[in-house]
Amino acid sequence: MIILTSNLDVPRQSGLTSTYWVSEGSNITESNATFDKISLTPKTVGALSSWTRIQELQATPDLEQLVRNDLTNVLAQAIDSVCIQDTGSNNQPTGILNVTGINSVAGGSSGASITYDHLADLIAAVSQDNADSGRTGFLTNNQVLTKLLKTKDSDGNYLLGPGSMTAGAPATLWGRRCEISQQVPSNLSKGNVSGTCSAVIYGNWADLVVAQWRSPLDILVNPYGSSYAAGNVEIRAMSSLDIGVRHPESFAAMKDALTA
């Protein structure tokens, strides 16, 4: 995560230097790598809440701290969501699932029940672009993980055995770390299937840039808000950030995984 005070241009290499075979005593032809950039500008997410004077007087434990905790939690979820799936419209950054140029693995014309083969295809899609290195891993939702946990081989044995996972630790799929977030959509549509497809993302997460401006989270209480005459108190939370993917080929996504 990067903390900023101004707009940010992140350079990235877009082309390789050429190589040449030369004879004894001959000069090598000059060839330069090419570069472009991703430009990040602040986009703000916020939430506003309030409570009454009587709520304040009667609250145990402290009401303000409860509201602060709630605002912190809902903004964290909003930021997780935007990193994964937001469209770049309506003042939002563009999440990974909507970034142009990421690799795609399709299950079928109307989706497909998620299998370990699909996971292997996601890894292969990134690997074929020479991007399967660094902080690689899967991100999906609990529905997908549960489906994979129940998958058995032809002899009825679980492919991911009951003893292969540790409580509180990330799952491991195909030797790669797998994180779970319910911000990963499970309501996607494909062909004749409406609203029940899930997404699975695999990639090098070091290539996801999350830039925040000034304080990552700004929470401010205003006792003199619009309901001052009634004795109410307002509190708002704001965070300004932008999302960028340095190399789209570092990610692959399946958007039509069926889990039922």
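I began with F251, which is buried, with a relative accessible area of 0%. The cut-off for buried is under 20%, so F251 falls in that class. I note here that the model is predicted.

Aromatic pairs came next. I searched the whole structure, and the search gave three of them. I wrote down two, including the one formed by F138 and Y202. Their ring centres are 4.8 Å apart, with 50 degrees between the planes, and the pair is tilted. I then looked up where the two residues sit. F138 is in strand 7 (residues 136-140) and Y202 is in strand 11 (residues 193-204). They are 64 residues apart, so I logged the pair as a link between distant parts of the chain. Are F138 and Y202 buried or exposed? Both are buried.

F251 came back in the other entry, where W205 is its aromatic partner. I recorded this pair as edge-to-face, at 5.2 Å centre to centre and 80 degrees between the planes. W205 lies in the loop between strand 11 and strand 12 (208-213), while F251 belongs to strand 15 (residues 251-258).

Which residues make the nonpolar surface patch of about 300 Å²? I found Y20, V22 and I28. I followed up V22, which is in the loop between strand 2 (8-15) and strand 3 (34-40). Its relative accessibility is 41%, so V22 counts as partly exposed.

Note on methods:
Residues numbered from 1 in each chain as written. Predicted model: local features only at pLDDT ≥ 70, side-chain atom pairs only at ≥ 80, totals over all residues. Heavy atoms only, no water. Patch = residues over 30% accessible without salt bridge, like charges linked within 9 Å, V, L, I, M, F, W, Y side chains within 5 Å. Areas by Shrake-Rupley, 256 points an atom, 1.4 Å probe, with all protein chains shown as cover. Salt bridge = Lys/Arg side-chain N within 4 Å of Asp/Glu carboxyl O. Helix = DSSP H or I, 4+ residues; strand = E, 2+ residues; numbered from the N terminus. Buried < 20%, exposed > 50% of the residue type's maximum accessible area, 1.4 Å probe, protein only. Phe/Tyr/Trp six-rings, centres within 6.5 Å; stacked < 30°, edge-to-face > 60°.
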